[in-house]
Amino acid sequence: MDINQVRKQFPILDQEVNGHPLVYLDSAATSQKPQSVIEALDEYYRGYNSNVHRGVHTLGTRATDGYEGAREKVRRFINASSTEEVIFTRGTTTSINTVAYSYGRNNLQEGDEIVITPMEHHSNIIPWQQTAKATGATLKYIPLQEDGTISLEDAKETITDKTKIVAMMHVSNVLGSINPTKEIGEIAHANGAVMLVDGAQSAPHMRIDVQDLNCDFFAFSGHKMGGPTGIGVLYGKKSLLKDMEPVEFGGEMIDFVGLYESTWKELPWKFEGGTPIIAGAIGMGAAIDFLEEVGLDEIEAHEKRLAQYAMDRLQTIEGVTIYGPKDRAGLITFNLDDVHPHDVATVLDAEGIAVRAGHHCAQPLMKWLNVSATARASFYVYNTEEDIDAFVDGLKKTKEFFGDVF
Amino acid sequence: MSFNNLDQLYRQVIMDHYKNPRNKGALEGDHLTVDMNNPTCGDRIQLQLQVEDGIVQDAKFDGEGCSISMSSASMMTQAIKGKSVEEAVKMSHVFSDIMQGKEISEEMEEELGDIQALQGVSKFPARIKCATLSWKAMEKGVDEKE
């Protein structure tokens, strides 16, 4: 992988922020977009914008081909066995909510259990809280180990024959830890439960094979993997999806509509009510092309290298606390002495360095870590060791700056 | 942007209030309590006010947050003590104006004292909510009281 060639594909990186070259370390929040994605959107709107699945005219056919072609790219990207199992949504949040509503509310009752973990993003907690409230099911948590990882023993203790759904993030957006979702899925299946994997932080960064993971549902977003905002995917096993009711009703998703009764289209369209996110899907398809061209294995190795390099360099700064295990994906969540993470982020921003500060949509995990907020630097295919050097220098300056006043 | 702007943002007086917050803790006796947080960043404040005959007799706060939100709370409690509810709410509006970079009257400048040190925040749009958190809590508190 030629990092300079990769960087050239991302026009946004070529700019100064506050008088310094932009160092973008917030890709876990949203990634930057390669030229090819921007062009794909531009081409669609300039050349063949049209509604899908109904136009007899030429543009309609081209738009349908583009949209359904993107679905096939997603299928290949996650190795689903059929495009019937690939549903386009607004993003990971909508994907998880779709399962919580359609599967959860219709298959759970009092006495049943939903099992999640305290490290989940709010989008994989609240839908289950609401489903538990609506059905009378009990929400349970697999406890975290001291370093923030999950042990299979704890999973076996928590998941019982009353458990109907296990939902868990693949990679933590705070700890960077990679969860053993395949093994936990086996425990779930042995107990008759279905397994949902939140892949928002994994799909952009590593090769995903849903058949190998053997998960029942897999959710991820386009905008974290170089695609546009407003598009995401819900993968589900056909055997489950075919019996699930749609969540949104209206145009596009129907087979026959009568005055009092209607029937639905086949999979995957019965879950895509209304005019779909056509440009978004086409843009996401272009992002997949880009990632596959660079190579997912290459990207994963590159980010892990950057994470290790950053860990080593950060440890040379006294007062830096890093959260999460040593073996991690390409992000580092940290705090610097008594300096509040917002203040850290503001000083870094003055140096052109973009990091995230706050609770990262994981308030229960912040409570578990016993902090009110943290700062986070996250890496992607376009980041370099020079970016990390600038980040480390910025942190040293932050320390000096606040050291004077404390 | 440079460290010059940062110096303006984090002036000595702000860091002093952050390091040695005034009126931090809890009130005893009859008082009202307001909890407010900034859900996007996790800052939270608990403000306690003792209001008698329309006058803020005492004010204390507790909470967690960045230097801007905590120093602002410290300054706010200092400023409103002894003021009437109307004066306190008016100050809050003036403070919002300052955050939006608007000019204020000389008279008000004198009234605000230390608080003017927060003027630099107006150049950092992402941080304005930090500075206004405690003021919003105060407004909510006196509003509920009425």
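Analyst: Here are a few labels, each set against its definition. This is a predicted model, where local features need pLDDT of at least 70, side-chain atom pairs count only at pLDDT 80 or more, and totals for chains, interfaces and linings use all residues. Residues are numbered from 1 along each chain as its sequence is written, with chains lettered from A and ligands numbered from 1 in the order in which they are written.

User: How do you know that the span of helix α6 of chain B agrees with what a helix should give?

Analyst: Helices are DSSP runs of H or I with at least four residues, strands are E runs of at least two, and both are numbered from the N terminus. The expected span is 1.5 Å times one less than the number of residues. For the 18 residues of α6(B), 128-145, that should be 26 Å, and the end C-alpha atoms are 26 Å apart, so the two agree.

User: What makes B:Trp135 in α6(B) count as buried?

Analyst: Buried takes 20 or more other C-beta atoms within 10 Å of a residue's own (12 or fewer is exposed, in between is partly exposed; C-beta atoms are placed from the backbone). B:Trp135 is listed as buried, as are others in α6(B), including B:Leu133 and B:Met138.

User: Why are β13 and β16 of chain A called edge strands?

Analyst: Strands pair if DSSP finds at least two bridges between them. The open antiparallel sheet runs β13-β14-β17-β16 in chain A. β13(A) and β16(A) each have a single partner strand, so one side of each lacks a neighbour in the sheet. Three bridges join β16(A) to β17(A).
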